[in-house]
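Here's a quick tour of a protein model, written for someone new to reading structures. Have the 3D view open while you go through the points.

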Amino acid sequence: MANKTKRLTESAMLLAMAIVLELVSKMFIPEMPFGGQITLVSMLPVVLISYRHGVKWGLVSGFAYALIEMVIGAKTVAAAFQPGYFGDAAMIGNALIMCLLDYLVAFTVLGIGGCFRNRIKNPGVSLMCGSIVALSARFAAHVLSGFILFSGWAEWFFTQEGFPAWGASLVASLSPTMLGFVYSLVYNAMYMVPEIILTAIVALLLGKVPKIVTKVS
């Protein structure tokens with residue numbers, strides 16, 4: 001019972017740290033026009049839970065984190081259920097897809113961050129690789145969501161004023177379906193790739209602190 005209480009307390013503290021890092025990031029780092037933001041490694045605490053306590057508990061914690069993220073993003077979630085948010089597309093169905101992929105799936109999968117805890121002996125490398133896999137899984141969830149929900153913005157995105165010339169070339173050469181996928185991939189990569197790199201570097205550094213990367217269970 002004492003171990004379970006300690007695990008719950010530690011996980012709650014790390015989730016709180018993740019939220020604080022995100023909120024502090026929002027104060028200094030602007031969000032992307034359609035959502036998404038580079039943060040001060042706000043997802044690393046969730047990955048650390050998985051590393052210390054195992055993937056099963058990591059997924060449980062990731063799901064809790066996803067619910068918290070839905071509360072933080074309540075304005076966006078509520079707006080998605082209002083007419084016009086997705087243009088002429090089906091409102092309720094698309095809003096549910098957004099909630100599923102951009103919140104429940106995207107943040108729950110961070111719980112797989114401990115997948116290398118017993119496979120790679122070096123703690124820093126193990127935590128770094130787990131971070132890359134976990135955040136890449138979140139990236140994939142957002143790419144799928146963007147492809148399903150916002151492909152209609154692709155041509156505008158690649159041809160807007162100031163966009164590099166290769167954007168217009170993509171519009172001319174790709175089918176609408178492929179263009180929509182590339183749009184979602186590029187757009188989400190603009191904030192997720194820097195986030196993955198930054199988190200991986202910090203994870204590698206944290207691996208040098210034995211107390212932080214001690215495997216509890």
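Predicted model: local features only at pLDDT ≥ 70, side-chain atom pairs only at ≥ 80, totals over all residues.

**Helix α1**
- Helix α1 runs over residues 2-28, which makes 27 residues.
- From its first C-alpha to its last, α1 reaches 39 Å, close to the 39 Å expected at 1.5 Å a residue.
- Its buried residues are E10, S11, L14, L15, A18, I19, E22 and S25.
- Those buried residues pack against α2 (44-53) and α3 (55-72).

**Helix α3**
- Helix α3 has 18 residues, so at 1.5 Å a residue it should span 26 Å.
- Its end C-alpha atoms are 25 Å apart, which agrees with that expectation.
- On the buried list for α3 you'll find W57, G58, S61, G62, Y65, A66 and E69.
- The packing partners of these buried α3 residues are α1, α2 and α5 (91-108).

**A closer look at T199**
- You can find T199 in helix α9, which covers residues 176-206.
- Is T199 buried or exposed? T199 counts as buried because its relative accessibility is 0%, and the cut-off for buried is under 20%.
- Setting aside neighbours within four places in sequence, T199 touches V41, L44, S131 and L135.

**The largest pocket**
- Rolling a probe the size of a water molecule over the atoms shows where empty space is left.
- The largest pocket has a volume of about 860 Å³.
- It is lined by 36 residues, and the closest to its centre are F34, G35, G36, T76 and Y103.
- Elements giving two or more residues to this lining are α1, α3, α4 (74-80), α5, α6 (123-150) and α9.
- Which element gives the largest share of the lining of the largest pocket? That's α9, with seven residues.
- Sorted by class, the lining of the largest pocket has 16 nonpolar, 12 polar and eight charged residues.

**The second largest pocket**
- The second largest pocket holds about 170 Å³ of space.
- Its lining is made up of E10, L14, M17, L21, V41, L44, P45, L48, R52, V202, L206 and I212.
- Here the elements that give two or more residues are α1, α2 and α9.
- By class, the lining of the second largest pocket splits into 10 nonpolar, no polar and two charged residues.

How values were computed
Residues numbered from 1 in each chain as written. Heavy atoms only, no water. Helix = DSSP H or I, 4+ residues; strand = E, 2+ residues; numbered from the N terminus. Expected span 1.5 Å × (residues − 1). Buried < 20%, exposed > 50% of the residue type's maximum accessible area, 1.4 Å probe, protein only. Contact = heavy atoms within 4.5 Å. 1 Å grid on protein atoms, 1.4 Å probe; cavity = no way out; pocket = protein on both sides within 12 Å on 5 of 7 lines; lining within 4 Å. Points joined across faces, edges and corners; volume = space filled by probe spheres on them. Nonpolar A, V, L, I, M, F, W, Y, C, P; charged D, E, K, R; others polar.
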